[in-house]
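Thanks for making time this morning. I would like to walk you through one structure, slowly, going from a helix to a single side chain and then to a pocket.

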Amino acid sequence: MAVKKSLADYQREYEIIIFADQPKKDLLLAGLMTEMEKQFNIPFPRNRAWEKENPKINAMYRKIAITRTL
């Protein structure tokens with residue numbers, strides 16, 4: 001079973017990833033988003049009620065998504 005990460009853990013990983021070369025950066029960010037989706041049960045398509053109940057998780061997830069160039 002995978003170890004649960006905190007939002008601070010995801011933030012630290014994000015800060016490391018953003019300095020990677022572009023193709024690698026996008027792949028790593030996509031992986032980070034997938035990990036968050038599983039751990040925090042992020043719904044697809046977007047669910048405004050979930051976003052309102054989980055503002056910090058949603059903000060981190062959106063920050064990662066905006067950083068990607070894919």
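What you see is a predicted model, so please keep that in mind throughout. Let me begin with helix α1, which covers residues 7-17, and in which Tyr 10, Tyr 14 and Ile 17 are buried. These three residues lie on the same side of α1, because the arc they cover around the axis is only 65°. As for what lies over the buried residues of α1, the cover includes α2 and α4.

That brings me to helix α2, where we find Gln 39. Is Gln 39 buried or exposed? Its relative accessibility is 18%, and since the cut-off for buried is under 20%, Gln 39 counts as buried.

Finally, let me turn to the largest pocket, which holds about 220 Å³ of space. It is lined by 14 residues, of which Ile 42, Pro 43, Arg 46, Glu 51 and Tyr 61 are the closest to its centre. Helices α2 (22-40), α3 (48-53) and α4 (55-67) each supply at least two residues of this lining, and the largest share, four residues, comes from α4.

Technical notes. Residues are numbered from 1 along each chain as its sequence is written. This is a predicted model: local features need pLDDT of at least 70, side-chain atom pairs count only at pLDDT 80 or more; totals for chains, interfaces and linings use all residues. Side-chain values use heavy atoms; hydrogens and water are left out. On a 1 Å grid over the protein atoms alone, a cavity is a set of points where a 1.4 Å probe fits but cannot get out, and a pocket is an open set with protein on both sides within 12 Å along at least five of seven lines; lining residues have an atom within 4 Å of a point. Grid points are joined across faces, edges and corners, and a volume is the space filled by probe spheres set on the points. Buried means under 20% relative accessible area, exposed over 50%, partly exposed in between (1.4 Å probe, protein chains only). The arc is that of the directions from the helix axis to the C-beta atoms. Contact means heavy atoms within 4.5 Å.
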